[in-house]
Amino acid sequence: MGFLKHRFTIVFSMIVLFFLVFSARLFYLQIYKGEEYRNFSEKNILRALELPAPRGRIFDRNGEKILYNKPSFNIRIFPREVTDVEDLAENLAGIVNIPEKELLKKLREIASLKSFYPVTIAKDISREELLLVEKSKEALEGMFLEVGHKRVYPHGEAAAVLLGYIGIADAEEVKTYSQVKAGNKFGKMGVEKVFDSELRGINGLEYVMVDAHGKVISESVDTLLPTRKNREMVPGKDIHLTIDAQLQKVAYEALGKEKGAIVAMDVKSGEILAMVSRPSYRPEHISKELFPDQKRIKKKESFSLLNRSTQGTYPPGSVLKIITAFALLEEKTADPKSSVHCPGHYFINKKRFNCWRKEGHGHMDLHKAIVESCDVYFYELSLKLGVDGLYPYLKKFGLGERTGIALPEKRGVSPSKTWKRKHLKEPWYPGETAILAIGQGYVTVTPLQISVMTSAIANGGIIVKPKIRKTDEKEPFRIPGATQRLDAKSVSFLKKALYGAVNEHRGTGIYARSKITSVSGKTGTAQVVSAKFESTKKRFQDHAWFTSYAPSDSAEISVTVLVENGGSGSVAAAPIAKEIIETYFRLKKERDEARIAKSE
Amino acid sequence: MKLELPNLSRYSWLLVLTALLCLAGLMNLYSISLLEGLGAFKKQLVWILAGFLTVAIISYLRPLTLKNHSITFYMFFLVLLGLIFVFGKTVSGSRSWFQIGPISAQPSEFIKIGVIMMLANYYATEVTAKENYNLVELLKPVALLLVPTAAVIAQPDMGTAITILLIGSSVILFLGISRNALLKIIIVVLISMVPTWHLLIKDYQKERIYSFMDTSTDPFGISYNSIQSQIAIGSGMGYGKGFSLGSQSNLNFLPAHHTDFAFSVISEEWGFRGAVFILLLYFSIILFILNTATSLEDRFSMIACFGIAAMFFWHAVINIAMITGLLPIIGTPLFFISYGGSSTLTAFIGIGIVLCLRKK
């Protein structure tokens, strides 16, 4: 059996070959590279240093920094290098303001990881703590000071809600965004969240070998990890917003201690000039914590994290009469001369509907009904128009839909017969048409939606898509589905009426009248609870609205003010709008003068 | 059952080599016991003593007895492999253990011997040896190999399954496959690779393979063990760090240092000279068994002996390639060096069979 002998020979040679291969591999590892491996095993201190990428800065429309970074010092621990947890906890407790027990627990957790990657133990330490750390560096095993980046909010509470905040990415976010690693910073709210992918940047990664004192002894780890490459740090991109920081500040302060929202918008481009939501919060309070008691923060401040301009939905009250009037004109239910007598109340199926002016307005035409905000006029004519006639116009102005701004947004409710059947399983009653016509009942809107509506009247009939980020595009976006230009005749009629509401003797918006520019606008006083329910408690007070634009003939800016439980729109909201409009023109004048002075 | 005295004087070399390896393995376990206690050392000592007893018993059997009982041995452990899915204990994700009192046993180790003996039995039934076997003739041996392999894959214990497959395939290949059959087998294997990859290979196993091909995917997670093992071996340099001074192993950087990575510890503490010495001992055993196979005239004995050599060979190759970073991490022990009852006894049974078969 010669063939078997032949095969045995092959097998013998194979075994010898393998012996030689393994001996050679051992020779390579132990003799050729032995020195390096020995070095490495003695220290066995490979560190993966993360170089945190600074998040992009945020600028306002004039190039003013409204969110930027400042260096901060973080204490980080390399889990693999901790041998005596108790000792380290004791030493650290003498430095940072964290109870030793808590530190010990956290450090135990960290040490069990045996990872080359550092874990943060204290964030943004104070100057005193920094000095102490530097002094007792030797006693702190596996510790290193990371120079990180801390968010600085020069406008504090005024812009906090709009800008949002960052936090450590949670498990869900790590799963959703492939580039976000556990422990990374992540935009949680507002502009920080919406533009996170651009603001974020890419953290650098550097592998170094260090000695027992944390001193880098070799920057190259090629021998050990030939395929391991350092990663360049890429700073986050800057973002330019359409906000005017000065106007934002004034708007925030103008609300005083009231809860509410303000939206100021460039009527032609849809650029948001100011967007305020109150109450706000102190941004430093949210980003600082490391042993994050996020739940506590959320509970205490959740209501103030909400951007009321885009996420708060309210009954619009009389500001909706702008749309009702537009619908009446377009559907030819009313012409400017149609007259209605207002005795202060109106009966539908024997049910009494009051006008806000109990003694009545007397004879009203459409112009006067808008100027004096007569409810009875709209009750009567809206019944002729019907909800089916009114609903398409709510849609046309973008109510019940997101405006498309790059911020988290609510839709609000734009009710119709179909809507009611679907959501409440009930038929539509005529009385509901009447109260819808004056902005009560099921209808709810966000202040931003009202701002878009007013801007459309102001700019001659174009529904613009509001923008928060400055882009080079000249052409304003329009909201999909509401792309057609509104009828010019009806728009110009409304413009006259809104001018009248502020500037005529009996107008409801007279408190917005300005000496430096012409203002047009509409008040709204939205009931929170049924009128029969009388109470002096703040939370049962009406919401005050005022939506306006200026100058009346060639509008530039629209300002919408909502004061939650503020009472009458005329008294509570109109003066705030006036202040913002005047500030806008004052700032414009100052800047023009400064520009001229500079060029001369 | 008739007994025959083995010719000890002529085979004493094999026993000496085995004893030396066992001694090295025990010393190694003692050296890493300073932190973790002598539990593993003592247990392994018991296994080794039991092993030598097993060798003594098997070596007194007649070769014909072995041949006649190969099917009993094979079936016994095959049934145990089946029962494991009912009574088995799950250790680190694989259901491959029986727990009887303080003793836990892994039938997937013993089945290796069963496969070898069954294959030898099958090929020995032919009156005259063929140079190559065609597809039909291969059907039975391939089935004998694939049934236990499938059971082990289902546990799932990929490392052991791969070893069984390699041992059996070595025997089948050694005895010859016709060109035609070989071609067809290669085609079938290639075609079945896609569903195997998607259905049989678990995610963590894929990750190991990926991480082996490119350590940059996660150097501190999956290939962490491989890196640590290489550091341990490399840092041993020429002469080693000395008995129980292996910082890699004693500081727990090295995982599973008394089982699959035991040879890394020896390399760290005894350096290149120690590692090569063990390698030399190990390959001497393989060559010795193989040489025994060539000298045997009885066909069953020759094939069984070849199979035992293949078993030692593949265990050594996979284990050493793994710990030196030449292969991805596949959990396979190095006989006599790695701690473990089932694998140690399996190795001793192998040695016993070789001693038994060498009798005239």
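Mentor: Two residues are in contact if their C-beta atoms, placed from the backbone, lie within 7 Å. This is a predicted model, in which local features need pLDDT of at least 70 and side-chain atom pairs count only at pLDDT 80 or more, while totals for chains, interfaces and linings use all residues. Residues are numbered from 1 along each chain as its sequence is written, and chains are lettered from A and ligands numbered from 1 in the order in which they are written.

Trainee: Which residues of α16(A) and α19(A) meet?

Mentor: From α16(A) come A:F378, A:Y379, A:S382 and A:L383, and from α19(A) come A:P430, A:T433, A:A434 and A:A437. By class, six are nonpolar, two polar and none charged (Ala, Val, Leu, Ile, Met, Phe, Trp, Tyr, Cys and Pro count as nonpolar, Asp, Glu, Lys and Arg as charged, the others, Gly among them, as polar).

Trainee: What makes α16(A) oblique to α19(A)?

Mentor: Helix α16 (residues 375-385) of chain A packs on helix α19 (residues 430-437) of chain A at about 125 degrees, the axes being 8 Å apart. Angles under 35 degrees are roughly parallel, over 145 roughly antiparallel, 65 to 115 roughly perpendicular and the rest oblique; therefore α16(A) is oblique to α19(A). The crossing of this pair is right-handed.

Trainee: Why is α13(B) called roughly antiparallel to α14(B)?

Mentor: In chain B, helix α13 (residues 299-323) and helix α14 (residues 341-357) pack at about 150 degrees, with axes 10 Å apart. That angle makes α13(B) roughly antiparallel to α14(B). The two pass in a left-handed crossing. B:S301, B:A304, B:C305, B:I308, B:M311 and B:F312 of α13(B) meet B:G350, B:I353, B:V354 and B:L357 of α14(B), a contact of eight nonpolar, two polar and no charged residues.

Trainee: What is the packing angle of α4 and α5 of chain B?

Mentor: Helix α4 (residues 63-87) of chain B and helix α5 (residues 107-124) of chain B pack at about 145 degrees, with axes 8 Å apart. α4(B) passes α5(B) in a left-handed crossing. The contact includes B:F73, B:F77 and B:L81 of α4(B) and B:F110, B:M117 and B:N121 of α5(B). It has 17 nonpolar, four polar and one charged residues.

Definitions and conventions: Axes fitted to C-alpha atoms, helices over the stretch in contact; angles between N-to-C directions. Helix = DSSP H or I, 4+ residues; strand = E, 2+ residues; numbered from the N terminus. Left-handed = near helix turned anticlockwise from the far one by under 90°.
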